[in-house]
Structure formats: structure tokens, C-alpha cells
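Visitor: I would like a close look at a single part of this structure, with its surroundings described as well. Please start with the chain as a whole and then go into detail.

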Amino acid sequence: MVADDMAMIKFTALSFFIAANAQAFCGFYVAKGDAKIFNRASQVALVRSGDRTVMTMANDFHGEPKDFAVVIPVPTMITRDQIHIADKALIEHLDAYSAPRLVEYFDPDPCRLPSVAESITVAGRAGMRDEKRDKQLGVTIEARYTVGEYDILILSAAQSDGLETWLRQNGYTIPTGASEVLGSYIKQNMKFFVAKVNLREQAKLGYSYLRPISVAYESPKFMLPVRLGTVNAAGPQELFVYTITRKGRVEATNYRTIKLPSDIDVPLYVKQEFAPFYKALFSEQVRKENMSTLFTEYAWDMNWCDPCAANPLSRQELRTLGVFWVSNDPNSGGAADVFLTRLHVRYDREHFPEDLVFQETGDRQNFQARYVLHHPWTGDNYCDAADSYHASLRERQEKEARNVAELTGWNLDDVRKKITFASSDKKWWQTLWK
Amino acid sequence: MKRFDPRLYQIGALTLLLLYGLTALDFDTTWFRAALVIGAAIGAQWVCSRIWNVKFDPRSAAISGLSLALLLRSNSIVFLLAAAGIAISSKFAIRWRGKHIFNPTNIAIVALMIATPRVWVSPGQWGNVAFFGFLITCLGGLVVNRASRSDVTYAFIAAWSAVLIGRSLWFGEPLTIPLHRLENGALLLFTFFMISDPKTTPDSRAGRILFAVLVALGARYVQFKLFHTNGILWSLAACSLLVPIIDVLLPGGRYTWKQGGSSWSVSPQWRWHFVPGLLPRIRSAAFMSQRAMPRFSIARRRWRSSATAIAP
């Protein structure tokens with residue numbers, strides 16, 4: 001992304017279900033790692049069934065609104081009524097509902113249990129210039145709309161250098177090398193959805209932030225064009241893709257899609273540092289996989305959650321997001337076929353040379369990225385079981401420290417320093433009068 | 001000296017790929033499911049051998065089972081068992097002139113993908129990090145095969161590369177894009193273990209090359225016109241239906257898995273089929289006249305005689 005006195009071009013992506021086998025869950029949800037902790041992360045929601053797609057794009061642009069613009073290749077012509085300005089809260093709700101989460105358990109009194117050795121098993125896997133010059137450049141403005149706070153253009157082009165020139169002349173800063181990428185989309189007969197902020201409309205509406213843009217279209221292409229975003233060398237891009245489909249989990253067909261490590265015991269101090277923990281964990285997994293995979297962070301039937309980092313989206317929210325097969329009628333009964341997949345990818349040109357192509361699978365197994373805290377029992381009952389419990393506690397804490405070091409790449413000694421280890425040789429009388 | 005049965009190499013190579021997939025690539029399946037589908041395929045082979053009264057040989061069934069374990073995914077064990085059943089029974093039930101029409105793994109996957117949304121194939125599961133390891137493993141198969149029917153593999157990889165590279169050149173895309181598409185484990189598995197199945201490819205070399213090119217063009221249509229995943233699998237199933245026609249137009253010697261060796265032979269009766277031009281053959285196929293049919297009567301006799309000795 002480039003920002004200067006002209007418009008800022010934000011190149012992002014563009015272009016789709018459930019039987020659960022979860023068991024009862026008895027931990028308490030305590031924290032989540034949402035997308036906000038990643039800098040300049042783009043978030044895209046793709047609602048898809050058959051060839052019908054509703055794509056909602058959001059990003060955490062913090063600059064001057066006049067500097068914002070987005071250019072997205074789209075597979076079909078887009079009319080005014082195919083565009084909707086969404087509520088930012090919708091994407092935030094999706095993010096909160098699907099984010100990796102921290103859950104906690106409290107160890108029971110070892111003296112009141114038949115056996116201390118039993119550990120808790122966790123389930124729930126979890127403006128425009130004159131038309132003549134535009135024609136000379138081979139660029140046709142197919143349509144022009146003002147929707148909400150955005151001025152939107154649908155462009156088609158005959159050649160990439162003409163489009164590049166047109167964009168430059170109209171105040172968009174194009175990174176060097178974009179022409180080649182634009183060219184390949186032109187040859188695939190794709191149109192270009194160009195949006196920038198209409199400052200007057202924005203002032204009228206009174207929003208202090210940029211709302212997500214939703215576009216509905218029909219196309220057999222289930223993909224997200226990410227190549228434009230990799231043209232400039234501003235480092236790797238961070239992208240969250242939320243797909244809402246009917247049959248099951250969504251995965252990439254041209255890159256590996258793997259699950260983020262989950263259901264791992266971590267030390268108690270992670271509760272205070274969950275955001276940096278999740279960030280480091282993700283970076284470490286990206287490094288281990290040579291930045292060549294997409295990570296599934298959540299795959300769940302939207303009718304429920306366990307534990308819930310946030311409530312599932314309501315029918316009304318789903319409809320607004322574009323889930324057209326869900327009835328708007330709050331009285332309509334029955335569970336809706338709504339399966340959410342949250343994919344997280346860090347990508348650059350070298351490791352992700354082609355656009356992301358997706359497929360909907362028949363996989364309806366629920367998955368969530370969750371990390372587990374176990375609070376030691378602090379009672380002072382004395383029994384043989386308590387002795388063996390204390391003896392095992394230190395071992396468990398050491399294991400938790402190693403888990404964190406392995407997941408995040410943090411130095412093991414640094415992790416250990418933050419843990420208050422239990423003393424394994426404490427005698428019963430040492431706590432008797434305390 | 002006995003020659004090494006190429007199927008044993010294939011079983012070894014596919015087992016290695018499966019172990020690697022389960023341990024290092026986080027394949028979306030379990031050891032139990034993989035073992036189950038392999039066992040089911042061998043079991044189905046045993047049952048079919050009893051029904052059709054032929055000698056039980058688990059080798060081809062093991063290859064089909066391993067291929068299914070590598071490619072097919074489902075939450076339901078029932079569909080995995082059904083896949084093994086369809087794969088093996090298709091070899092016995094769907095035959096033409098003593099050959100089975102479909103590659104067993106291919107027809108099982110395609111039939112289930114048509115029948116239910118609860119199965120899927122993950123072409124992206126291989127990534128491209130270990131691509132060259134896969135490539136070497138697969139190339140080893142060619143060496144063991146002594147290139148007896150490797151022409152279909154070479155022809156397909158050439159045609160598919162031409163499709164991908166040609167498309168990217170036309171769109172002005174960097175060559176990293178077609179290379180990334182070619183560096184795919186699923187593609188290697190398809191090229192070296194599925195389309196090359198000597199029992200389902202055309203009999204003549206010209207026929208096999210034509211077949212490979214048709215499969216590549218079909219895959220291009222599915223993948224880049226319909227924008228449907230797994231274009232090569234759909235295309236192979238569709239093109240397999242053309243093999244009997246290709247065998248009529250371009251006849252050649254029938255392949256046999258020889259005990260302790262692999263070879264294919266052209267019988268003296270069949271060798272003269274290469275001599276006449278293509279045109280009379282098309283004519284005879286079109287009119288099916290008795291006068292122009294001596295070669296077909298030979299074919300029918302061969303079919304009858306081989307019907308009692310099926311060795312899928």
C-alpha cells in the first residue's frame with residue numbers, strides 16, 4: 001500500500017457448510033485474540049452458495065479518508081443494487097465469534113476426588129475526466145455510483161497500461177509492476193471495482209471510520225484476487241477470510257490449508273498476555289510452514305458455539321451480511337445451514353504467486369483454536385492424593401512452559417521466569433497455620 | 001531372471017506418500033480411516049474374485065485402496081467404504097472387450113462426488129514444499145515400469161504443462177503461476193499412478209497419446225471454463241468412456257500384468273492392425289459392415305477367451 005498526497009490504493013482480494021461431534025465443554029471462556037491485534041489486516045467475508053456470492057471487505061485503514069481507495073478485480077458487471085455498505089459491527093462480531101480463545105479450568109480438591117490422576121478432557125474441538133480520453137486509454141467507465149460514503153466506479157479496460165495511466169491521471173497511486181497484474185485480469189474479462197471516499201457524503205453521514213463494502217454477484221469463480229496486494233514490496237500482507245457456506249468447511253485448492261495448533265495447555269500468565277501470545281504463535285506457525293499455507297482458525301456450525309467467545313450472529317445480522325438463504329422472519333423455526341470458516345493467511349508475492357482459489361468441502365467437523373489454562377488447587381487439605389497432586393503440578397507447569405516456547409518461538413527460560421512454579425516438596429504442616 | 005512387478009513398487013511408493021501425508025502434512029484423515037479404506041479395497045477384491053471366479057490377487061486392490069486413502073476425504077466412514085466397493089467392483093462389472101473402462105480410484109471418487117456433497121478431494125493438501133521428493137518417488141515408478149506404458153504419463157504432463165503455461169503466457173502472468181500449479185502432489189499422483197493405469201488406457205501408443213491430450217483439454221475446460229475443482233479427475237472419468245472408441249480407431253496390443261514382470265505385447269494377429277491407415281478403420285467402425293469386420297471378430301474372440309481369466 002502506498003500513501004501520498006493522492007489517493008491510497010488498497011489492493012485486496014476478491015472474487016463459499018455441518019454435522020458436529022462436539023462433546024460437552026466445561027471450561028470458562030476468558031479471552032480472545034481478535035484480528036485487531038494484527039497491523040493493517042484486511043478482513044473479507046465471503047458468503048457463498050452455488051454461484052451466488054456476497055463479498056464484504058473491511059480493513060483497518062487509519063489514515064486520512066481522502067487517501068483511501070480500493071481497486072478490486074470483480075468477475076462480473078456490478079450494478080448499483082448489488083452494492084451495500086455494511087455495518088462495521090458485523091465484521092467485528094464475526095471476528096469476535098471466531099477468534100482463537102483462551103479457556104480456563106480450576107483444579108478440584110485432590111482429596112475430594114476418587115482419583116487425582118484423572119485430568120479433565122476437553123472436547124469441543126473443537127471524478128472523472130472526459131470520456132474521449134478515457135476511450136483513448138481503452139478504459140470504459142461502465143457505471144458510476146455514490147453509495148454511502150463511497151464513490152464507486154465499475155471500470156472495464158482493453159489494456160493494462162491504459163488502465164494504469166487512467167488510474168494515475170485520476171489521482172490513484174499505482175505501485176510499480178501493477179500493470180502486469182492488471183493485464184492478466186483484463187484478459188480474463190474481469191471488471192474493476194474502484195471505490196474512494198466521498199468526503200462530503202462522509203461528513204453528512206457522520207461516520208468517523210470507513211464502513212465495509214459489500215458486493216453481491218453471481219460467478220462460478222470462488223476466489224480472492226490477492227495478487228495486486230503483493231505487487232508493492234511493503235512486506236507480507238495479513239488477511240482474514242470468513243466464509244459462510246451451507247455444506248461445510250472451506251479450504252484453498254491451490255495452497256495447503258491446515259489447522260492452527262489447538263487444545264494446548266498454557267501457563268496462567270498467558271491470560272494477561274493473550275494478544276502477544278496469539279500474535280507470536282501465528283508468526284511462529286507461519287515461519288514453520290515457510291509462509292506457504294493458510295490456517296484454519298475456526299470452523300463451526302453458526303447455530304451454536306462452545307465456549308462462545310461471542311454469541312453467534314443473529315438471523316438479521318446474517319441476512320445483512322448476505323446470507324440470502326436464511327429467512328428474515330424471526331419466527332421461522334429450524335436451524336439454518338450456516339457454517340463459518342475463519343481462514344488466516346500471511347502472504348507475499350514469493351510464496352503466494354497466484355490468487356487464492358477456494359472450495360467448499362463436505363467437512364462439518366467443528367474446530368476452534370483454543371488454549372487452556374489450569375488453575376492449581378490452592379486448598380490446604382492433606383491426604384496422600386494431595387501429595388501426589390503437588391508432585392505432578394510442577395511437572396505440568398514445566399510442560400505448559402515448553403508448550404508456549406514451542407508454539408510461539410519464545411525463549412524457554414524467559415517463559416519459565418514468568419511462571420510461579422509450585423513447590424513440589426511442601427509439607428502439610430507448612431500450610432497448616434497460614 | 002524374473003522381473004520386478006511394478007505394482008509392488010507402486011504399493012511401496014504410495015505407502016510412503018501416505019505415511020508422509022499423515023505425519024508431516026496433516027492430512028485431514030486418520031490412520032484408522034486410511035487402514036480401513038485399504039482393507040476394504042482388498043476385502044472387496046476378495047469378494048469379487050469369489051463372485052467372478054478368478055484368482056484373488058490383492059496387489060491392484062492395495063493400490064486402489066492406497067490411492068483412495070491419499071485422495072478421498074469424508075466425515076463418514078460409510079462413504080469411504082462405499083468408495084472402496086465402487087472402485088473394486090467397477091473393475092469387474094464395467095468392462096468392454098476384456099478391459100475395465102474406468103480407473104478404479106478415479107470412478108469411485110467421481111461417482112461419490114456426484115452422489116453426495118459429503119465427500120471431497122483436497123488438491124491443496126500437498127503444498128509444494130516436498131514436491132521434488134514426490135517427483136523422485138514417482139519417477140522411480142517409471143524406471144521400475146521400464147517405460148512400458150509411460151508414454152501416457154509423458155504425453156499428459158506435456159499436454160497439461162502446455163495448457164497451464166500457454167494460459168499464463170496468454171494472460172501475461174509470470175511463469176511462477178503455472179509452475180506453482182504444476183508443483184502439486186495431487187497432480188503427480190494423478191499423472192504417475194492414475195492416468196498411467198495400463199489396464200484402462202488405450203492399447204496403441206497413438207491412442208494413449210491422443211487420450212492423454214484429451215484428458216488435459218478436458219481438465220482445462222473443467223478448471224478454467226467451469227471453474228470447478230479437481231478438473232483432472234472429472235476429465236479422466238469422462239475421457240475413459242472414449243477409450244473403447246480410441247481402441248477401435250487406433251488398435252494395439254493388450255496389456256497384461258505378467259507374473260513377476262511387466263510387459264505389454266503385440267500379438268501377431270493384432271500387429272497387422274497398425275499397417276492399414278486410419279480411414280478404413282473409421283469407415284469400418286462407422287458402418288460396422290460384416291465385410292470390413294474381420295478384425296472385430298478377432299477382437300470378440302479375444303474378449304470371450306479373456307472373460308474367464310480376468311486379472312484386473
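Guide: The model is a predicted one. Chain B exposes about 13600 Å², and carbon and sulfur atoms supply 69% of that area. The chain has 312 residues, 56% of them buried. Its secondary structure consists of 15 helices and 6 strands. Among contacts in chain B with a separation of 6 or more, 76% join residues 24 or more positions apart.

The part to look at closely is helix α5 of chain B, which runs over residues 104-115. This helix has 12 residues and reaches 16 Å from first C-alpha to last, close to the 16 Å expected at 1.5 Å a residue.

α5(B) is mostly covered, with 9 of its 12 residues buried. The buried positions are P104(B), T105(B), N106(B), I107(B), A108(B), I109(B), V110(B), L112(B) and M113(B). In an α-helix there are 3.6 residues a turn, so residues three or four places apart point the same way.

L68(B) itself belongs to helix α3 of chain B, residues 58-71. L68(B) counts as buried because its relative accessibility is 2%, below the 20% cut-off. Leaving aside neighbours within four places in sequence, L68(B) is also in contact with V37(B), R73(B), A83(B), A84(B) and A87(B). From L68(B) to P104(B), the C-alpha distance is 9.5 Å, while 36 residues separate the two in sequence.

L68(B) is also one of the residues that touch the most other members of the largest nonpolar core, a set of 68 residues; the others named are L72(B), F156(B), W160(B), F190(B) and F211(B). Apart from this core lies another, of 50 residues, which includes A41(A), A45(A), V47(A) and L260(A).

W96(B) is in strand β2, residues 95-96. With a relative accessibility of 30%, W96(B) counts as partly exposed. The C-alpha of W96(B) is 7.2 Å from that of P244(B), although the two residues are 148 apart along the chain.

The other site is S122(B), in the loop between β4 (119-121) and α6 (131-145) of chain B. Its relative accessibility is 7%, so S122(B) counts as buried. The side chain of S122(B) makes a polar contact of 3.4 Å with the side chain of W120(B). Not counting residues up to four places away in sequence, S122(B) touches L71(B) in its own chain, and E251(A) and Q359(A) in chain A.

That brings in the interface between the two chains. In all, 30 residues of chain B are in contact with 28 residues of chain A. The two chains bury about 2300 Å² between them, 51% of it on carbon and sulfur atoms. On the chain B side, F171(B), H180(B) and F227(B) lose the most area to chain A, together 23% of what that side buries.

Conventions: Residues are numbered from 1 along each chain as its sequence is written. Chains are lettered from A and ligands numbered from 1 in the order in which they are written. This is a predicted model: local features need pLDDT of at least 70, side-chain atom pairs count only at pLDDT 80 or more; totals for chains, interfaces and linings use all residues. Side-chain values use heavy atoms; hydrogens and water are left out. Helices (H or I, at least four residues) and strands (E, at least two) are DSSP runs, numbered from the N terminus. The expected span of a helix is 1.5 Å times one less than its number of residues. Buried means under 20% relative accessible area, exposed over 50%, partly exposed in between (1.4 Å probe, protein chains only). A polar contact is a pair of N or O atoms within 3.5 Å; within protein, one must be able to donate a hydrogen and the other to accept it, and residues adjacent in sequence count only if both atoms are side-chain atoms. Contact means heavy atoms within 4.5 Å. A nonpolar core is a set of buried Ala, Val, Leu, Ile, Met, Phe, Trp, Tyr and Cys residues joined through side-chain atoms within 4.5 Å. Accessible areas come from the Shrake-Rupley method with a 1.4 Å probe; for residues, only the protein chains shown count as cover. Buried area is the accessible area (1.4 Å probe) that two parts lose on being put together, summed over both.
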